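Here are my notes for your first look at this one. Keep the viewer open while you read.

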Amino acid sequence: LGGCRLRKYDGSDVDLPVLLALKGTVFDVTSGKKFYYPGKPYAHFAGRDVTRNTAMFNKDPSTLDRTDFPKKREKYLNK
């Protein structure tokens, strides 16, 4: 799923799963309702690509859907 198609899986529609992407893989995080649903601590990650945010240990919504990050941070994505 691309960024635009992924966005509809942000938890706002209770009939759809909650998804996020990391390094090109889409994960179903529906079971993490207490984290990813609207109004929860990581809700801004739902329906988005979190690759850069994860590599940089960053929760800044302005860097969502970016897959670029410094190579030295790649080790944090491979654990």
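The points below go from the overall fold down to a few rings.

1. First, the ground rules. This is a predicted model, so local features need pLDDT of at least 70 and side-chain atom pairs count only at pLDDT 80 or more, while totals for chains, interfaces and linings use all residues. Residues are numbered from 1 along each chain as its sequence is written, and side-chain values use heavy atoms, leaving out hydrogens and water.

2. How confident is the predictor? The protein averages a pLDDT of 91 (that is the predictor's confidence in each residue, from 0 to 100), and 95% of the residues score at least 70. Helix H1 (residues 3–6) has the lowest mean among the elements, 80, and strand S2 (residues 25–28) has the highest, 96.

3. What about overall shape? The C-alpha trace spans about 40 × 25 × 25 Å along its principal axes. The radius of gyration is 12 Å, which agrees with the value near 12 Å for a compact globule of 79 residues; the radius is taken over C-alpha atoms, and the globule rule is 2.2 Å times the number of residues to the power 0.38.

4. Look inside next. Buried residues make up 33% of the 79, where buried means under 20% relative accessible area, exposed over 50% and partly exposed in between (1.4 Å probe, protein chains only). The largest nonpolar core has nine residues, including Val18, Leu20, Phe45 and Val50; such a core is a set of buried Ala, Val, Leu, Ile, Met, Phe, Trp, Tyr and Cys residues joined through side-chain atoms within 4.5 Å. Not counting residues up to four places away in sequence, Val50 touches Leu20, Ala21, Leu22, Phe45 and Leu64, with contact meaning heavy atoms within 4.5 Å.

5. Finally, the rings. Rings of Phe, Tyr and Trp (its six-membered ring) pair if their centres lie within 6.5 Å; planes under 30 degrees apart count as stacked, over 60 as edge-to-face and the rest as tilted. That gives five aromatic pairs. Phe35 and Tyr42 make a tilted one, 6.4 Å centre to centre with 50 degrees between the planes. Why is the pair of Tyr42 and Phe45 stacked? Their planes are at 20 degrees, with centres 5.7 Å apart, so the pair counts as stacked. Tyr42 is partly exposed at 30% relative accessibility, whereas Phe45 is buried at 10%.

Notes
Helices (H or I, at least four residues) and strands (E, at least two) are DSSP runs, numbered from the N terminus.
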